[in-house]
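Colleague: I have the sequence and the model open side by side. Could you walk me through a few places in it?

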Amino acid sequence: MAHISDSAARTARDLRVVFSRLRRRIREVAQDSDLTPSQESALSLVGKHGAATASALAAAEGVRPQSMATTLAALEQHDLIRRAPDPEDGRRQLVTLTEAGRARVEGNRQLREEWLARAFQDRYTEEERQTVLTALELLERLSRP
């Protein structure tokens, strides 16, 4: 493995820490006390990717199918998801959002975006916001294959 400079190692470490803290803080903004973090995550996943099987959701979340089944049962009790037979394979069930689930996912997304925009407005100068935008352009390279 090629030598990694001290600055590259420090940048990687600090970026991971800051992103973890920021992700946690953003999640807290719209966290509703009636759902667990696992339930919020599964609900968000269905909202993001649309209809999916429980096993596909379990794989995407990195949990056992039994754990996902428990999570989905709770979301169904809150009337946030529904299950219906897969039109391509009637033995499987597809999970989709109900209107209440869609409203909740969209409301949470909007709350998070508003919080983040307000935080940038209140805590940073225009020059600092432009610096962040420039840094984001550079970081975008990391997301490319």
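Predicted model: local features only at pLDDT ≥ 70, side-chain atom pairs only at ≥ 80, totals over all residues.

Colleague: Okay, where is Thr 98?

Modeller: Thr 98 sits in the loop between strand 2 (89-97) and helix 5, where helices (H or I, at least four residues) and strands (E, at least two) are DSSP runs numbered from the N terminus.

Colleague: And is Thr 98 buried or exposed?

Modeller: Thr 98 counts as buried because its relative accessibility is 4%; buried means under 20% relative accessible area, exposed over 50%, and partly exposed in between, with a 1.4 Å probe and protein chains only.

Colleague: Which backbone atoms does its side chain reach?

Modeller: The side chain of Thr 98 comes to 2.6 Å from the backbone oxygen of Asp 79, and to 3.1 Å from the backbone nitrogen of Gly 101. Setting aside neighbours within four places in sequence, Thr 98 is in contact (heavy atoms within 4.5 Å) with Asp 79, Leu 80, Ile 81 and Arg 82.

Colleague: Switching topic, what about Ala 30, which residues does it touch?

Modeller: Not counting residues up to four places away in sequence, Ala 30 touches Glu 40, Asn 108, Leu 111 and Arg 112. Ala 30 lies in the loop between helix 1 and helix 2, and it is buried, with a relative accessible area of 2%.

Colleague: How far is Ala 30 from Leu 139?

Modeller: Their C-alpha atoms are separated by 26 Å, and the two residues, Ala 30 and Leu 139, are 109 residues apart along the chain.

Colleague: Last one, how many aromatic pairs are there?

Modeller: A search of the whole structure finds 1 aromatic pair, and the partners are Phe 120 and Tyr 124, with 5.2 Å centre to centre and 40 degrees between the planes, which is tilted. For this term, rings of Phe, Tyr and Trp (its six-membered ring) pair if their centres lie within 6.5 Å, and planes under 30 degrees apart count as stacked, over 60 as edge-to-face and the rest as tilted.

Colleague: Why does Phe 120 count as partly exposed?

Modeller: Phe 120 counts as partly exposed because its relative accessibility is 27%, and Tyr 124 is also partly exposed, at 37%.

How values were computed:
Residues numbered from 1 in each chain as written. Heavy atoms only, no water. Polar contact = N/O pair within 3.5 Å; in protein donor to acceptor, adjacent residues only side chain to side chain.
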